[in-house]
Amino acid sequence: MSYTPPDAEAFIARVAADPCCAAITAEENLGAAIVSRAPVVFILRGNGLAVAHDVRRIHDAGKLVAVHVDLVGGLRADRSSVAWLAKSGVDAVISSHGQLMSAIRHEGMTAILRLLLVRRSQLDTAVAAIGRSAPDIVEILPGVILPSVIGLLPPFDVPVLAGGFVRTQADVGAALSAGALGITTSSQALWGFGDN
Amino acid sequence: MTTDAAPGRLPAVLIASDGRHPVYAPPGLDAGVLVRDTDLAALVHRAASDCPPLAVDLDSVAGLGSDDAAVDFVTGRLGIRAVLTRRPQLAARVAARGHLGLVHVFGYDSTGMVRSLESHPRKMGIGSVLSPALVIVHLRSDELADLPRPIVAYGLIDDVGDARACMALADAIVVRPAIAAKLAAELEASLVPG
């Protein structure tokens with residue numbers, strides 16, 4: 001039986017309702033994410049060729065799944081791997097490659113562009129990439145500094161996830177107050193924190 | 001050429017410049033110039049001027065290779081004391097020449113930073129460039145202790161408050177000339193009696 005992921009609007013609404021998402025950087029964290037209140041599990045490591053089993057477990061727990069196609073093993077970040085993840089039942093795909101956003105959307109999944117904040121001189125270029133690739137969501141790293149740098153970013157009209165070094169409830173509150181839709185964190189104590 | 005001597009210390013502030021215009025450290029501020037995002041001709045011109053750079057971001061100089069010959073050129077011919085690079089082996093060569101090598105460490109998330117540090121040579125004369133700078137105030141003490149010093153906090157410092165916060169933890173920070181001027185003015189004001 002084929003699986004139809006939620007559309008981007010529904011994915012975004014799910015995060016908005018429960019903003020603290022679980023970021024999995026090791027296989028052994030999956031069980032904790034599944035029993036947590038986090039609405040979405042972001043798979044940032046592991047074997048992309050064997051992800052379908054984990055996706056089913058996460059779906060069975062009533063959660064959505066996003067996979068970082070650049071970081072999981074076994075996959076090259078291209079259109080074919082995006083199609084592979086769609087067949088595996090993934091709901092959203094994250095990548096730093098803007099040119100993959102259209103392929104992700106074409107497969108019916110939510111397209112998340114990862115934006116790495118490094119230097120002020122690169123911000124305009126980064127935000128221009130958002131305009132060109134038209135992702136459904138932008139994930140900004142390191143998310144913990146989002147409150148400090150949000151004023152430096154040229155305006156763009158795409159929901160933002162804050163990820164990276166978000167470790168405390170205060171960090172979560174600051175990121176959400178700065179305008180983030182949600183946060184991604186590997187800190188298990190925060191998974192599901194702040195759900196409405 | 002190798003040496004066991006420790007390289008000279010970094011100033012507390014590195015003022016970022018593209019090398020196309022003269023940039024001077026404000027009086028009273030412990031500062032030097034970092035040339036980055038430029039080209040080879042501008043770097044050579046600035047090195048021969050009356051405000052030569054103290055440091056260079058090797059990988060951001062158009063026309064300049066990221067190899068041993070480039071390291072030898074900037075540390076030898078141009079006399080630049082500190083070299084920032086993504087390549088650990090080049091930082092090691094800088095240190096072997098008696099200068100300060102600084103390896104870029106990207107602090108986007110905790111897992112990525114650990115991976116970024118795995119290739120750090122961890123030898124005397126080789127420090128770290130942590131980007132973006134502001135993340136330094138969010139590191140746990142063990143994460144900060146794991147960064148080989150000297151630590152240069154680099155990127156997205158946009159006001160004096162952020163600069164001060166980063167200076168408290170890093171050995172040096174990178175700022176734009178306008179922020180350096182504000183730091184100098186603040187310092188000068190603090191020295192005025194009464």
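This passage describes the two chains of a predicted model, beginning with their overall dimensions and ending with the contact between them. Residues are numbered from 1 along each chain as its sequence is written, while chains are lettered from A and ligands numbered from 1 in the order in which they are written. Because the model is predicted, local features need pLDDT of at least 70 and side-chain atom pairs count only at pLDDT 80 or more, whereas totals for chains, interfaces and linings use all residues.

Chain A contains 8 helices and 8 strands, where helices (H or I, at least four residues) and strands (E, at least two) are DSSP runs numbered from the N terminus. The radius of gyration of chain A, 15 Å, is close to the 16 Å that the globule rule gives for 196 residues, so the chain is as compact as a globular protein of that length; the radius is taken over C-alpha atoms, and the rule is 2.2 Å times the number of residues to the power 0.38. Along the principal axes, the C-alpha atoms of chain A fill a box of roughly 45 × 35 × 25 Å. Of the 196 residues in chain A, 49% are buried, a residue being buried if 20 or more other C-beta atoms, placed from the backbone, lie within 10 Å of its own, exposed if 12 or fewer do, and partly exposed in between. Among the contacts in chain A with a separation of 6 or more, 56% are accounted for by residues 24 or more positions apart, contact meaning that the C-beta atoms of two residues, placed from the backbone, lie within 7 Å.

In chain B, the secondary structure comes to 7 helices and 10 strands. For its 194 residues a compact globule would have a radius of gyration near 16 Å, and the value of 16 Å for chain B agrees. The C-alpha trace of chain B spans about 55 × 40 × 30 Å along its principal axes, and buried residues make up 44% of the chain.

Within chain B, 8 strands close into a barrel in the order E1-E2-E4-E6-E7-E8-E9-E10, with parallel pairing; two strands are taken to pair if DSSP finds at least two bridges between them. Neighbouring strands of this sheet are turned by 25 degrees against each other on average, direction ignored. Strand E1(B), residues 13-17, is mostly covered, with 5 of its 5 residues buried; Val13(B), Ile15(B) and Ser17(B) point one way from the strand, and Leu14(B) and Ala16(B) the other way. E1(B) runs parallel to strand E2(B), residues 31-35, and is joined to it by 5 bridges, with Val13(B) opposite Ala31(B). E1(B) also pairs in the parallel sense with strand E10(B), residues 172-175, over 3 bridges, and here Leu14(B) stands opposite Val174(B).

The largest nonpolar core holds 128 residues, of which Phe42(A), Val93(A), Ala133(B) and Ile173(B) touch the most other members; such a core is a set of buried Ala, Val, Leu, Ile, Met, Phe, Trp, Tyr and Cys residues joined through C-beta atoms within 7 Å. Leaving aside neighbours within four places in sequence, the contacts of Phe42(A) include Cys21(A), Ile24(A), His68(A) and Thr184(A).

The contact between the chains takes 17 residues from chain A and 15 residues from chain B. On the side of chain A that touches chain B, the residues divide into 10 nonpolar, 5 polar and 2 charged, where Ala, Val, Leu, Ile, Met, Phe, Trp, Tyr, Cys and Pro count as nonpolar, Asp, Glu, Lys and Arg as charged, and the others, Gly among them, as polar.

Key:
Axes are lines fitted to C-alpha atoms, for helices over the stretch in contact, and angles run from 0 to 180 degrees between N-to-C directions.
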